[in-house]
Amino acid sequence: MLHRQNAELSTEVKTRSDASLNITRYTKVKDSLEEVIGITEQEKAKTAAIIAAIGDGVSIQDTNFRVLYQNKAHLDMVGGDKRGGFCYIAYAHNAQICEGCPVEASFRDGEIHRLEKTMPNDKGYIEIKASPLFDSRGQIVAGIEVVRDITERKRMEKRLAESEIRYRMLFESAGDAIFFLDAEGERKGHIIAANKAAAEIHGYTIDELLAMNITDLDTPKTAREAPERIQRLLQGEQVKAEATHYTKNGETVYVEIIAGLIELGGHKYILAYDRDITKRKIFEKKRERLIHELQSALENVKTLRGLIPICAWCKKIRDDEGYWEKVEDYIQHHAHVSFTHGICPECLEKESPGVFQAIKDIVTSGSRLINRRARQDSGEIDV
């Protein structure tokens, strides 16, 4: 009897011990699960907070294209909560899946796809980036799309394109030659770009210029001056100078250069404007030659200045050495003139009265004859 009671007591103690152990194990498992659930909820909350805080719109659709989730930015973009509805109806007001839908493409091949499109009512532009979401077995269960408002970027691209067009028009239509040169490295001095005027002035095609170095155009004098100019440019100085270039047929053209250094993408280039001044230089040389000839002529011109001593009776003039000369001799020595000799009517009458009277009678008779002929021609008298 006692043995039986001891056995029953031993069994009861064991049962109670096992139950206590199970409770301890359950408590530990429960605590572990609660900790995992807590961590999971925290991570979920963090993920939700991160997605909600993203400046781009985020939307998740299942494989039937029903909207499962939208963050705040997306709610603002589409004008409210569209969860539960089909995305093509809720977002685009279409009766079927949108043409070129990046989410459908991701469902089809499991890759990331992008699409740019206009907003409804042409209010701007958006970029959609779609990615597939996989379960633990690698099956696609949903698609996530990130929607970014790119209206301002598109406007900037448009302005940049318009600016590029304006620059190209100015570059091509400029009357002066424009060169864009490499300023450093192995291709230093190589012509990167040249406009139509540059080709016309030098007699090359644009393609021929692009295969050349700017030094291929320099005359020896300009080539000697080039290193000093390039050094000034690399120091940030704007250079203005005159130079001479060879044309394709070997002729020399004079150019006025205005050049400056620019840096693009960490690389240095030279932008040079060359104005053809050949006609001006030819004119200047002609003018200098003419001025020289005039100066030489002026140096040879003899002039009479100051007081000239002349005799009151014989009218001879005393020269600088004290000799008396006839007026005509003195003037011939001091000016580039020559004299011809004749006699005035007063002197002729005084010196040769008979000759004077004879000439006078001849002149008078001639005048009468001319007057009579004129009256006959006019009909005043009969012939």
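Mentor: Let's begin with the names: helices (H or I, at least four residues) and strands (E, at least two) are DSSP runs, numbered from the N terminus. The protein has twelve helices and twelve strands. What you see is a predicted model, in which local features need pLDDT of at least 70 and side-chain atom pairs count only at pLDDT 80 or more, while totals for chains, interfaces and linings use all residues. Residues are numbered from 1 along each chain as its sequence is written, and side-chain values use heavy atoms, with hydrogens and water left out.

Now for the pocket. On a 1 Å grid over the protein atoms alone, where a 1.4 Å probe fits, a pocket is an open set of points with protein on both sides within 12 Å along at least five of seven lines, and lining residues have an atom within 4 Å of a point. The second largest pocket holds about 390 Å³ of space; such a volume is the space filled by probe spheres set on the points, which are joined across faces, edges and corners. Its lining is made of 22 residues, and Leu181, Ile214, Asp218, Ala226 and Ile230 are the ones nearest the centre. At least two lining residues come from each of β6 (177-182), α8 (220-234), β8 (239-246), β9 (252-264) and β10 (267-276). The biggest contribution is that of α8, with five residues. Sorted by class, twelve of the lining residues are nonpolar, five polar and five charged (Ala, Val, Leu, Ile, Met, Phe, Trp, Tyr, Cys and Pro count as nonpolar, Asp, Glu, Lys and Arg as charged, and the others, Gly among them, as polar).

Ala177 counts as buried because its relative accessibility is 0%; buried means under 20% relative accessible area, exposed over 50%, partly exposed in between (1.4 Å probe, protein chains only). Beyond its neighbours within four places in sequence, Ala177 is in contact (heavy atoms within 4.5 Å) with residues including Asn195, Ala198, Ile201 and Tyr273. Lys196 is 19 residues away in sequence, and its C-alpha is 7.4 Å from that of Ala177.

Our next stop is helix α4 (residues 102-109), where Pro102, Val103, Ala105, Ser106 and Phe107 are buried. Their cover includes β1 (57-62), β3 (113-118), β4 (125-134) and β5 (140-149). After α4 comes Gly110, with a positive phi near 75°.

Phe65 sits in the loop between β1 and β2 (67-70) and is buried, because its relative accessible area is 9%. His93 belongs to the loop between α3 (87-90) and α4 and counts as exposed, because its relative accessibility is 65%.

To step back, 25% of the 383 residues count as buried.
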